[in-house]
Amino acid sequence: MTITKGHPRAGRASGWGRAFLLGAASLAALSTATGVQAQEAVPTQAGETRLDEIVVTARRRAESLQDVPVAVSAFSEERLSDLQADDISGIQYSVPNLYLDRGDGANAVVYLRGVGQNDSLAFADPGVGIYVDDVFIARSQAAFLELFDVDRIEVLRGPQGTLYGRNTIGGAVKFVSSPPPATPEAYLEAGIGNFDARILKGRLGGPLIDGVLNGKIAFAWSEREGYAENTIDGRDDGDQNSLAGRIALDWTPTDRLQVLFSLDAKRDRPDTSRSPVRETALVGALTDGTLVTFPAATDPYEVDVNANGLSDLTGYGASVTVRYDLSDALTLESITAYREMDFDLNLDTDGSPLPILDILLLQDQSQFSQEFRASYDAGGRFTGTAGLYYFKDDDLSFSGVDNGGATIFGFPVTVFGFQTSSLADTRQETESWAVFADVSYDLTERFSIGAGLRYTTEEKSSTRRFENFFDPTVSVIDNAPPFLAGQGVAGTPIRGDEDFDAFTPKVSLAYTPNDDVLLYASASRGFKSGGFDGRATNDFAFEPFRPEFVWSYEAGAKITGLDGRLIFNAAYFYNDYTDIQVTSFGSDPVTGVFVSLFTNAAAATIQGLEFELAARPTDQLSINASLGLLDAQYDEFDILVGGVATDVSDRALVNSPEVNASLAATWEQPLENGLTLVLHGDAGYRSEIATEITDSPVLRQEAYTLVNAFAALRSTDGVWEVRAGVQNATDEAVRVQGFNLADFPGVQLGFYAAPRTYDLRVIWRY
């Protein structure tokens, strides 16, 4: 298959086409190895080893991964351990066309097939939904999950507008925790590493009342020094100190009724926030008006900042899931959940030791959700799921800016009489209701059709209040004055209320020419609600922005071969993506000071190919591989350039590399005395990538490859293991996010992923 692009950048198109042909040929050559993620080896009756069947709930019912006509990647606990994934970003290189990393505001930045959102403030809803045990996590800071107590992770690629709905225009990432076990189980993992890293994970569970009540408790603690050094005070920058836990009870008073209660909590208390590196020089003003030039940094792990002393997160959630089998064919389910999050942050967005553009954020958020579902499966031709969904979110964000050291035209802002600092509070409330249904019908034993529809309506309201200060000695970072107490000049409050609604249908066809092959095609619509710009300072800027929409068309194949030793999955997709919500930063054309604009600035056409393979060619060797090819082009795109709305549609979409690929291999060699040697290596590749919305050449990340590996000595019965591992073995400096503030205050900034890390761990299972 070839893909022709009708865009003026023909050179880039042909490069993408060559990449596709090369990737397809390479994967064909690996026909003896690979498949979807999370495949484990099990012995056959003949004593041979094959890949295990993976059961997922991508369509809200338990199905074999190879029977689901949806592009899904799944990761078991064992596969996550092989990837040395301690947080959710550890899966990103192993899923085609997925970008998932930690942003500047400790937020989860998630893009699937070019669709996502990298703004960390509450008004900017994510484009890819993250779920914990079927509960949607509304705030991106709370969605950057530690990986512990895992049964599996499922990544659903493409819009999930029928069964999942809210904020799944790009796809969904589902974290499924391990169920409370019916027999006693225990797990303990402890490790130490460079940067003074220490980690401890544990889980204990079993029956509390035999056959009636099972329980578990799990935790994860990690601590390390920062990867960067702040030359201002000599301290590390961006350290880690995290503690998370989960308690769950599974009550089954009858064969037909199950009640699952879960409580989870997380506490992050690092000494510093994560600071950017100056990629260009910056001019700032001292308190006496003297101008100082700070050169571009020469070391990506060396910063000199003044506002990095706060990045605290506290969050917890509780859920009750009730399942009742009304009959052998009909199951009713209720999921009730409540979550809270408190997040405090200082962010130095000028990358210098002066208060040129330093940010304060104090955020309190709570959410409640209720979902009712009915699922029908009588073992016949018809299956289906229908339900109702309610969601309420309340967010209060108190924010501030210090810019007393900023300059305009080479003069301090004080010369022009502009405010040197400011405070604001923003309250945003969201209520969402939805009704949905998804059914499938087998026309024959080999051919089935599916259809789904969801109707969503949302009400959003937002209120902002302001206070400006014209005294360079006032710092909202060091000691914020009482809000609206008369010390500053109060601004005019602004308020907005708006309703949004959408129908999101889906239709699909599935054909199984034999028991080892599934062919499918689908068309679906995704929707992400509109809202109000949480940085706006006047009524005009506070006009509501519109919802995003995408129509996605997909065709794929899922193939199992070599008596269960080989799996090969492939998909082609085409997205028509409209009213894209983007943030742009610039300078006001009248005043010259910093302004931001969050609006529906773009439309795009995105198409691509995805391949996943997994294989067990021998009893000792397992191989996994993936390849994603992405052709993402803006149809139109207007942002602020020099204070003027400018068409920049020739730029690349953010976090959307043309080529991304992964390869992993694990070798298990039995030794004497009941021991097994395990050797593992994996590599992830990304082509050139835009790290921020303007696609500045200064901030673009060049193509790179990350290599990870470990060697372990494991008891044959799997009870204990000693492991030595390394990540980013070649010590690549990878820029994962950029800020283009060239208009004001005149600097471009980059955030970098971890350099080479290594550790030694001991694992015990019972």
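In this predicted model, the structure holds 22 aromatic pairs. One of them brings together Y131 and Y164, an edge-to-face pair with 5.4 Å from centre to centre and 75° between the planes. Y131 belongs to strand β9, while Y164 sits in the loop between β11 (150-157) and β12, so the pair ties together parts that are 33 residues apart in sequence. Ring pairs also extend the group, linking Y131, F136, Y164 and F391 into a cluster.

A second pair is worth a look alongside it. The rings of Y455 and F503 are tilted, because their planes stand at 40°, with the centres 4.7 Å apart. Here the partners come from two strands, Y455 from β31 (residues 447-469) and F503 from β33 (residues 494-514), so this pair ties together parts that are 48 residues apart in sequence.

| Residue | Relative accessibility | Class |
|---|---|---|
| Y131 | 3% | buried |
| Y164 | 2% | buried |
| Y455 | 26% | partly exposed |
| F503 | 46% | partly exposed |
| F219 | 31% | partly exposed |

**Around strand β9**

Y131 leads us to its strand. In β9 (residues 128-132), 5 of the 5 residues are buried, so the strand is largely enclosed by the rest of the structure. V128, I130 and V132 point one way, and G129 and Y131 point the other way.

Which strands does β9 pair with? On the one hand, 5 bridges join β9 to β12 (residues 171-177), and these two run parallel; V128 stands opposite G171 there. On the other, 2 bridges join β9 to β10 (residues 135-136), this time antiparallel, with V132 opposite V135. β9 and β10 make a hairpin with 2 residues between them, and D133 in the turn has a positive phi of about 50°.

The UniProt record, an unreviewed entry, places "domain: TonB-dependent receptor plug" at residues 65-172. In the model that span is 6% helix and 32% strand, and its end C-alpha atoms lie 16 Å apart.

**A three-stranded sheet**

Strands β6, β7 and β8 form an open sheet in the order β6-β7-β8, with antiparallel pairing. β6 (98-102) and β8 (115-117) are the edge strands, each with a single partner, so one side of each is left without a neighbour in the sheet. Neighbouring strands are turned by 10° against each other on average, direction ignored. Between β7 (residues 108-112) and β8 there are 3 bridges, and V110 has Q117 as its bridge partner in β8.

**Nonpolar cores**

The largest nonpolar core has 29 residues, of which Y577, A604, I606, Y634 and F637 touch the most other members. Elements giving two or more residues include β7, β36 (566-587) and β37 (594-615), while β38 gives the most, with 5 residues. Leaving aside neighbours within four places in sequence, the contacts of Y577 include V115, I169, F549, A604 and I606. Apart from this core lies another, of 25 residues, among them L80, L98, I153 and F175.

**Back to F219**

F219 is found in β15 (residues 213-224). Which residues does F219 contact, leaving aside its neighbours within four places in sequence? They are F148, L200, K201, G202, A244 and G245. I689, by comparison, is 470 residues from F219 in sequence and 36 Å away in space, C-alpha to C-alpha.

Key. Residues numbered from 1 in each chain as written. Predicted model: local features only at pLDDT ≥ 70, side-chain atom pairs only at ≥ 80, totals over all residues. Heavy atoms only, no water. Pairing = 2+ DSSP bridges. Helix = DSSP H or I, 4+ residues; strand = E, 2+ residues; numbered from the N terminus. Axes fitted to C-alpha atoms, helices over the stretch in contact; angles between N-to-C directions. Buried < 20%, exposed > 50% of the residue type's maximum accessible area, 1.4 Å probe, protein only. Contact = heavy atoms within 4.5 Å. UniProt positions renumbered as here; feature names shortened; annotations may be inferred. Core = buried A, V, L, I, M, F, W, Y, C linked by side-chain atoms within 4.5 Å. Phe/Tyr/Trp six-rings, centres within 6.5 Å; stacked < 30°, edge-to-face > 60°.
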